[in-house]
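User: I would like to learn how to read a protein model. Please take me through its features one at a time.

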Amino acid sequence: MIYLDYQATTPLAPEVVAAMTPWLDKFANPHSPSRWGREAAAAIAVARAAVDRAIGLPGDTSIFTGSATEAINLAIKGTFERSTRRKLVTVATEHAAVLDTAEWLQDQGVDVVRLPVGRDGIVDIEAARLAIDADTALVAAMLVNNEIGVLQPVAELARLARGAGALMLCDAVQGLGRVAIPDGCDLVAVSAHKIHGPKGIGALWVREGTQVAPLVHGGGQERGLRSGTLSPMLCAGFGAAAKLAAERRDADRQHVEQLWSAALEALGPGWTLNGSSEQRYRGNLNLRRDGLDAARLLADLRDIAFSLGSACASGSGRPSHVLRAIGLSDAQARGSIRLGFGRYTREEELVDACRRIAATARAQQDLAA
Ligand code: PLP
C-alpha cells in the first residue's frame, strides 16, 4: 500500500510510539495527588508545553480535548454562550466541524455569514470587511484548507475581527508544524493525528482572558473549560508529535517541496491544480482532469490510498463543498483527486503511484474515446 492521504490522517511517528508505550500500563489518574498521579500530571504538563511551543503563540494556555472537532465546537458554541453579540462570520470552504456547528447555531438564531472564496480558494477579503461588524462575536477561518491545501489570510481576518471587537478562531489542524499561526488569533484548534500523533486527542489554545463557556461539565480538569480525566498516554503522544513537528519544520518543508515537484513531473500533462498554486501548502496536491471518473480511478488503484476530496466528502456521493465553492462544475469535481504526502513518504513510492495514476487515467480516456 502506498499511503497518499496525509490530510485524512498521518502515520504515527516512531518517537510518538516510544513516548506513549510506557503509559499503556501506567494507570494513575493524573488528577489525583498520589506520587503516581503527580508523575502522570507532570508528563501531561510537558506534553502541553510542547503543543504550545508548536502553536508558537505567547502563553502556555492550550487545553486538551478529544479531537479538533471538539475544540472547534467548544470555541464556537462557548463563545456565543458568553457573548451578547449574535453574528458568526466564517468561510464557505471550512471543515464540517466549523460549518455544521455554524448551522446548529443558526438554528438557535445566530446570524451566520459564510464568506465566498475566489477560484483560487482564497477568501474574498472585501466581503469579510463588509461582514465583520459590531454585532460579530467570532470570526472562524482555517489556516490551511484540508481539501485543496490553500492558505487563508488568517492574519488579515484576525485584524478585521480585532478591529470590530470580535474574537478570532483559527482552525490550524492542517497547518500546525507547517505554517506559522498568526499572532492575532484568540482561539486555535489543533489535532494530534494530523501531525503523526495519536487519534482521539486535540487541543484548543485559548488566549488569556478570552471568554468561553464550557461544553462538557464535570470535574473541570482543563481549567474549568473542559471536564473529563485526561489520558496521559494520548497527551504524551501528542506532546512528542508536537515537539517533532517544531524541530523538523524546515526539514519536513524541504521534503514536501521535493515531493511536490516529483509528483507533478511523474503525473505528466493533462492535470489542472485546484486552488492557488502559490498560496498553498505543498503536501496537498488536489488536481482535476477533463473527463476523469475519479471514483473509478480510486476503485482501480486499491493499493494506493488517496482521496476524492476530503475524507468526509469521499464516499458520501456528494460533490465536495470546497470544489463547488471554487466554481468547479459537478463533472470537474467528480474528475478531481487529492494526493497528500509528507514526512514519511518516499519519493520513489510517490513517483510510482503518480505514474500509475496517470496511466490509469489515460486508459480511462482511451476507452471513452
Ligand atoms: N479541521 C480540519 C481542517 C481538518 O482537516 C480536520 C480533520 O479532518 C478537523 C478540523 C477535525 O479534526 P479531528 O479529526 O481531530 O476532529
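Analyst: Start where a helix stops: glycine 268 follows α8 and has a positive phi, near 75°. Helices (H or I, at least four residues) and strands (E, at least two) are DSSP runs, numbered from the N terminus. Residues are numbered from 1 along each chain as its sequence is written, and the model is a predicted one, in which local features need pLDDT of at least 70, side-chain atom pairs count only at pLDDT 80 or more, and totals for chains, interfaces and linings use all residues. Side-chain values use heavy atoms, with hydrogens and water left out.

User: What span should the 19 residues of α8 have, and what is the distance between its end C-alpha atoms?

Analyst: The expected span of a helix is 1.5 Å times one less than its number of residues. For α8 this gives 27 Å, and the end C-alpha atoms are 27 Å apart, so the two agree.

User: Which residues of α8 are buried?

Analyst: Buried means under 20% relative accessible area, exposed over 50%, and partly exposed in between (1.4 Å probe, protein chains only). An α-helix has 3.6 residues a turn, so residues three or four places apart point the same way. In α8 the buried residues are Asp252, Val256, Leu259, Trp260, Ala262, Ala263, Ala266 and Leu267. They pack against β9, β10, β12 and α12 (347–368).

User: How are the strands β9, β10 and β12 arranged?

Analyst: Strands of a sheet pair through backbone hydrogen bonds, either parallel or antiparallel. Two strands pair if DSSP finds at least two bridges between them. Here three strands form an open sheet in the order β9-β10-β12, with antiparallel pairing. The edges are β9 and β12 (336–340), each with a single partner strand, so one side of each has no neighbour in the sheet. Between β9 and β10 there are two bridges, in the antiparallel sense. Leucine 273 is opposite leucine 287 in β10. Helix α8 packs on this sheet and touches β9, β10 and β12, with its direction at about 20° to that of β10. Contact means heavy atoms within 4.5 Å. Axes are lines fitted to C-alpha atoms, for helices over the stretch in contact, and angles run from 0 to 180 degrees between N-to-C directions.

User: What is the strand order in the sheet of seven strands?

Analyst: That open sheet reads β2-β8-β7-β6-β5-β3-β4, with mixed pairing. Strands β2 (62–65) and β4 (111–115) are at its edges with a single partner strand each, so one side of each lacks a neighbour in the sheet. Neighbouring strands are turned by 20° against each other on average, direction ignored. Strand β7 (residues 187–191) and β8 run antiparallel and are joined by five bridges. Valine 190 has alanine 203 in β8 as its bridge partner.

User: Which strands does α2 lie across, and which does helix α3 lie across?

Analyst: Helix α2 lies across β2, β7 and β8 and runs at about 110° to β2. Helix α3 (residues 68–82) lies across β2, β3, β5, β6 (167–171), β7 and β8, at about 160° to β7.

User: How many salt bridges are there?

Analyst: A salt bridge is a side-chain nitrogen of Lys or Arg within 4 Å of a carboxyl oxygen of Asp or Glu. By this rule there are 18. One of them joins glutamate 222 and arginine 48, with N to O at 2.8 Å. Glutamate 222 is in the loop between β8 (202–206) and α7 (232–247) and arginine 48 is in helix α2 (residues 35–55), so the pair ties together parts 174 residues apart in sequence. Glutamate 222 is buried at 3% relative accessibility, and arginine 48 is buried at 19%.

User: Is lysine 87 buried or exposed?

Analyst: Lysine 87 is buried, with a relative accessible area of 9%. Its salt bridge is with aspartate 133, the closest N and O atoms being 3.0 Å apart. Lysine 87 lies in strand β3 (residues 87–91) and aspartate 133 in the loop between α5 (125–131) and β5 (136–142), so parts 46 residues apart in sequence are tied together. Aspartate 133 is partly exposed, at 28% relative accessibility.

User: How many disulfides are there?

Analyst: A disulfide is a pair of cysteine sulfur atoms within 2.5 Å. A search of the whole structure finds zero. For cysteine 185, the nearest cysteine sulfur is that of cysteine 170, 4.5 Å away. Cysteine 185 is buried, with a relative accessible area of 0%.
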